[in-house]
Amino acid sequence: CQSVCSSVPQFTNSPTMIVLVGLPARGKTYISKKLTRYLNWIGVPTKVFNVGQYRREAVRSYSNFEFFRPDNEEAMKIRKACALSALKDVSAYFTQDHGQVAVFDATNTTRERREVILSFAKEYGYKVFFVESICDDPEIIAENIKQVKLSSPDYVNCDKDEAVADFLKRIECYKVTYVPLDDDCDRNLSYIKIFNVGSRYLVNRVQDHIQSRIVYYLMNIHVTPRTIYLCRHGESDLNLLGRIGGDSGLSSRGNKFAAALGKYIRSQCIPDLKIWTSHMKRTIQTAEAVGVPYEQWKALNEIDAGVCEEMTYEEIQEHYPEEFALRDQDKYRYRYPKGESYEDLVHRLEPVIMELERQENVLVVCHQAVMRCLLAYFLDKSADELPYLKCPLHTVLKLTPVAYGCKVESVFLNVEAVNTHRDRPVVSVNTHAQTHTETGLW
Amino acid sequence: MTNCPTLIVTVGLPARGKTYISKKLTRYLNWIGVPTKEFNVGQYRRECVKIYKSFEFFRPDNEEGLKIRKQCASAALNDVRQYLTEEGGQVAVFDATNTTRERRETIMRFADQNGFKVFFVESVCEDPDVIAENIVQVKLGSPDYRHCNTEQAVEDFMKRIKCYENSYEPLDEVLDRELSFIKIIDVGRRYLVNRVLDHIQSRIVYYLMNIHITPRSIYLCRHGESDLNVKGRIGGDSGLSSRGKAFACCLAKFIHAQDIPDLKVWTSQMKRTIQTAEALGVPYEQWKALNEIDAGVCEELMYEEIQQRHPLEFALRDQDKYRYRYPKGESYEDLVQRLEPVIMELERQENILVICHQAVMRCLLAYFLDKTAEELPYLKCPLHTVLKLTPVAYGCKVESIFLKVEAVNTHRERPEVRNTHTHTGYCSCEFPRPVCAPRCHYMVRACVMEHNGERSSLQPNFLLRNKPSQEMARLVFLHAQDA
């Protein structure tokens, strides 16, 4: 009989549409992209459908805010067609591409438009969860416009002041017909209302696990500027021996790196920096050199290589040739016997990511596989790319959230170390080491 | 998780589930390792006014009554202060109606003076069915109504609620916008969440938003007896013995007979639970988080072998079975952390059967039955026995059903403290909590035994041969620098 086997439990059966609601410059696209990134990272296939993009395809060049006037019938027709086209693609994503969640990113500010979406969802058996962003703080809106509107394709030929003036008029066009989700009229809908970037939330009728996780995530993110520093422990004794895993201390170069890290961190003058390490000697010893209190997370421990712990790659190839080959077939899902897979790692790192979202300035001293997982989350890398991300020793990655993504600065601290990176093996058609098993095992 | 202690303050008319929420939240927080205690002002009132006469005590114009109630609230706050400042408490749940702004301001001043964060949990409900069910479940059995019949009790209680209604000032979106709170509306249909300040408040909100009161049953059992069980070996990933297979069939029969609507079945990703579930003939979901505790270097050993090969580890485990972590393995404390998402999802679900393992089942059971970290590793979870848990009133009813297929006994009792020649101590870390890890095995380079002011150094595997006095020797593990 059927059983569902995975590292994470199956969340939902019906596909879910997340429908954004809100005036322009309320962070809808920011939320859409971030939420999508999170859901994909935890293994829920999710895609954003930004209606503004469809509009830009349909109306090749944007003139001005007049396009958005509620009495502009021509434009209304085009805008409605774009929404319907996006809905069609949502359907295709669910049925043909095996998507699980579709994020419908548009203003959706009228009851009428939301009714269209609800009918569509009902017809196809999709669940609907609304995410409304309400904000009346002029400073937040101004900052928003600066961060993401000025550089929009719509304003590519305008100067700053023109763009801002036009955009504010655009917002006014929507205000006239904006009907927020209503506590009474919409009491049977499932939704979360976010007020003023998270100081308050109203949550109505959460239906299932995935909606509960989405609410939890949305309630933990913030937009306060901050920096996340990711690095590995200093070079360890086992690193020098070319052995994986284990729990050895730092080599002398590793100790040098730790001292250099301390210097670097101090030079960055980071206010209220939190430092996190794993429970393994090498990260703890590294953090010790920085000289500030640090918190140890077991969840940050390196991937458990099970029977292959403390072996060299050559030894693994010798003693476990089949395992070695299988791993190269699907490095993300491959689980070491009595050990873990990258997929397992992501699952155990989820609370770390949630807490990283809550925090402000943080330095995470961790391990190669762990750092790849965290990096994949911040830089929106797929499960396919994740196990091959380059995270060399003695290099700090400085991540700064900006616009819809993350700026990355790579800082090598000038202490040499061994290279522990294995590139994705080249797929060859006729090889001796051909295995007969399928990919995507567990 | 948090530095300042947190004071959770419930708000709401009688029969809105405040005590239910308080007790459940307290149970959850303690289980995940946050020392929490509830302070029910009604209890203080019952101590003070030995005999409850009628709702008249609660009339807003009953000055004598008001004086007593105010004193009780103060006494409770005093105990809160003691718990949070002197007894190592992290969270205190102040369970009372707290329906007036004035009362809430008193509490906030108190919290401010003492450096406590305040988080309000308000329960608002106007559904008469829910309120009636509430009264039936927990009010009729209250000490207040010991001598009344059902009708009298209900009538009096409804009048009691009325006494509060006139002066009730719910938390207001505008007036109280600077406060941190969650308003739970109609038993969770809707929530208003304002100004969540920190991690623990965020976790509390997430928890409160996942619990429900729909009646349901949770069935917990272990896999059928496994081949390794029969050999007396721990851990591993073996299949079922023939008796184990017989159990799986009996389990299928039992579940069928229970006729449970929409039953979900969960297993771990280990053979023995999966094979057990297969016999049921219904779809099941596998959770890696439900895998048995990882015994690290002791995997697949017998207890006698462990005692032989790793005598210090064996002794240390008996000292503090909850926090002890097998080398390259896990502790019960680690297990609880990895089971937390399972518990969260169990709260969301309705009827469910969880087929798991001994240590895992102990952790889940401890959550449902509010057992301490001390008791948890010694809870009895025998093979071939299903525990049926049914939430009732403020707790859980437990039925234990042995499915009549014999199996080995895998339970080890808590060892008695003996004064013998071979003695070991426990480690106390020098780093202050919460910064340090529960057990810094990997940092051990040298141990120093301190006894009667004298210090001598030992190798980590040294077993004390000389009996120190009644007190246990205290081994101080030093976090060494380079070798």
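**Chain B meets chain A**

Q: How many salt bridges are counted between chain B and chain A?
A: This is a predicted model, where local features need pLDDT of at least 70, side-chain atom pairs count only at pLDDT 80 or more, and totals for chains, interfaces and linings use all residues. Side-chain values use heavy atoms, with hydrogens and water left out, residues are numbered from 1 along each chain as its sequence is written, and chains are lettered from A and ligands numbered from 1 in the order in which they are written. A salt bridge here is a side-chain nitrogen of Lys or Arg within 4 Å of a carboxyl oxygen of Asp or Glu. Between chain B and chain A the count is six.

Q: Which residue of chain B forms a salt bridge with A:Asp344?
A: The closest N and O atoms of this pair are 3.9 Å apart. The partner of A:Asp344 is B:Lys288.

Q: What area is buried between chain B and chain A?
A: Buried area is the accessible area (1.4 Å probe) that two parts lose on being put together, summed over both. Carbon and sulfur atoms give 49% of it here, and the total is about 4000 Å².

Q: How many charged residues are on the side of chain B that touches chain A?
A: Asp, Glu, Lys and Arg count as charged; Ala, Val, Leu, Ile, Met, Phe, Trp, Tyr, Cys and Pro as nonpolar; and the others, Gly among them, as polar. That side has 18 nonpolar and eight polar residues, and the charged ones number 19.

Q: Which strand of chain A pairs with β6(B)?
A: Strands are DSSP runs (E, at least two residues), numbered from the N terminus, and two of them pair if DSSP finds at least two bridges between them. Here the pairing is antiparallel, over five bridges. A:Arg200 has B:Asn194 as its bridge partner, and the strand of chain A is β7 (residues 200-204).

Terms used. Helices (H or I, at least four residues) and strands (E, at least two) are DSSP runs, numbered from the N terminus.
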